[in-house]
Amino acid sequence: MRILYLFLSVVSSVFRCNALEKGIRVLEKHMNLRGIRSYHFKTDHFDLRYWKGGNGPVILFLHGFGVDALLTWRKEMLHFSKTHTVIAPDLLWFGKSSSNLKPELSAQREALLALLASLEIPSVTLVGQSYGGFVALDLAASGIVKTEKLVVANCPGTTFNTSTLRNVCMQFKVDKIEDLFVFESPEGLQRLMNLSAYKDVRVPANVLKQFYRLYYSDHHEQLRELLRSLPEEQKRYPDPSVFHGMKMLVLWGEHDELFPLQEGIRFAEDTAAEMTILKGCGHMSQLDDPVAFCTALNSFVFR
């Protein structure tokens, strides 16, 4: 994540105002030049924005609780589009996606299944980070679309002990976990950044305000409900043994403050998955060290 924050700091020094918007337009243009473009899939119930490019077997990238697909997965999309079809949606109520459905995990699953059906995609490799990992596990467990391989990064899925979140709330002085992820000011965003990254990084105040306005000022109630519903939705998850036999990899930042490493180890054991621990990384390991993350992912996908 330090690399993302460095990018934001650089663009803020180049543009006096609207730094983030201009920086994102630069990223979008770069993606378009590499053949990865954004589209909208609309139904009566949702408007799902997604990025798509490349050719070959499909990899579906699912981002975590914050920002969007582009800022989370741009490096992975660029890398794997050389050999695969890459798809990375903004999940419902994030980025440029919206919905009138009830905010819960099943809404994410149904929207993605509808998207894959519209694109006539029968099988995918799923890569989900944090909240996106919960969505990936839900998709894989449904069996509706064949899962070729499953990668879960910093997401304890079916075995997570929700009581550990109390320690996180105490550490960051909030009453409920949703207060940590859904906040009313740019100061809350800085706190979330410090939780997600291995080392605290200060973002220029003007960029922080723009970041908050673009990514965190809308859909507050829906996002809170997504978090509130997760513990209850875990109860309908199948036994972890449903993932036995799947080609599955668990990636984990060794310094994850939200989901401690021991949670990842337990999850990998219960699902009989391979595990790779990423040194010097926090909760957003693909942004803390994109090279190490992409190397581990690349090794698994091409095995």
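The paragraphs below lead through the strands, helices and selected residues of a predicted model.

Residues are numbered from 1 along each chain as its sequence is written, and side-chain values use heavy atoms, with hydrogens and water left out. Because the model is predicted, local features need pLDDT of at least 70 and side-chain atom pairs count only at pLDDT 80 or more, whereas totals for chains, interfaces and linings use all residues.

Two strands are said to pair if DSSP finds at least two bridges between them. By that criterion β2 runs antiparallel to strand β1 (residues 37–42), to which six bridges join it, and H40 has R49 in β2 as its bridge partner. The link between β1 and β2 is a hairpin of three residues. Strand β4 (residues 85–89) also runs antiparallel to β2, with five bridges joining the two, and here G54 stands opposite T85. Strand β5 (residues 98–99) pairs with β2 in the antiparallel sense as well, over two bridges, and F46 has S99 in β5 as its bridge partner.

The loop between β4 and β5 holds W93, a residue other than glycine whose phi is positive, near 75 degrees. W93 has a relative accessible area of 2% and is therefore buried.

Strand β8 runs parallel to strand β7 (residues 146–153), with four bridges joining them, and A153 stands opposite L251 in β8. Strand β8 also runs parallel to strand β9 (residues 274–278), this time through five bridges, and G253 stands opposite L278 in β9. From β8 the chain crosses to β9 through helix α11 (residues 261–271), and this β-α-β crossover is right-handed, a term that applies if, with the strands pointing away from the viewer, the path from the first strand over the helix to the second runs clockwise.

The loop between β7 and α6 (165–172) contains N154, which is another residue other than glycine with a positive phi, near 50 degrees. N154 counts as buried because its relative accessibility is 0%.

What of the interior? The largest nonpolar core has 102 residues, and those with the most contacts inside it are F61, Y131 and F181; such a core is a set of buried Ala, Val, Leu, Ile, Met, Phe, Trp, Tyr and Cys residues joined through side-chain atoms within 4.5 Å. Contact in general means heavy atoms within 4.5 Å, and Y131, leaving aside its neighbours within four places in sequence, is in contact with H63, G64, F65, L91, F94, L105, Q108, L226 and L230.

I121 lies in the loop between α4 (105–118) and β6 (123–129), and counts as buried because its relative accessibility is 12%. Not counting residues up to four places away in sequence, I121 touches V58, I87, L116 and V145; the C-alpha atoms of I121 and V145, 24 residues apart along the chain, are separated by 8.1 Å.

Two packed helices are described by the angle between their axes and the distance between the axes. Helix α8 (residues 186–196) and helix α9 (residues 205–215) pack at about 95 degrees with their axes 9 Å apart, the axes being lines fitted to C-alpha atoms, for helices over the stretch in contact, and the angles running from 0 to 180 degrees between N-to-C directions. The two helices α8 and α9 are therefore roughly perpendicular to each other, since angles of 65 to 115 degrees count as such, while those under 35 are roughly parallel, those over 145 roughly antiparallel and the rest oblique. P186, L189, Q190 and M193 of α8 make the contact with L208, K209, F211 and Y212 of α9.

R224 is found in helix α10 (residues 220–234) and counts as buried because its relative accessibility is 15%; not counting residues up to four places away in sequence, R224 touches E178, D179, V182 and E184. K75 is found in helix α3 (residues 69–80) and counts as partly exposed because its relative accessibility is 37%, and the C-alpha atoms of K75 and D289, 214 residues apart along the chain, are separated by 11 Å.

Key:
Buried means under 20% relative accessible area, exposed over 50%, partly exposed in between (1.4 Å probe, protein chains only).
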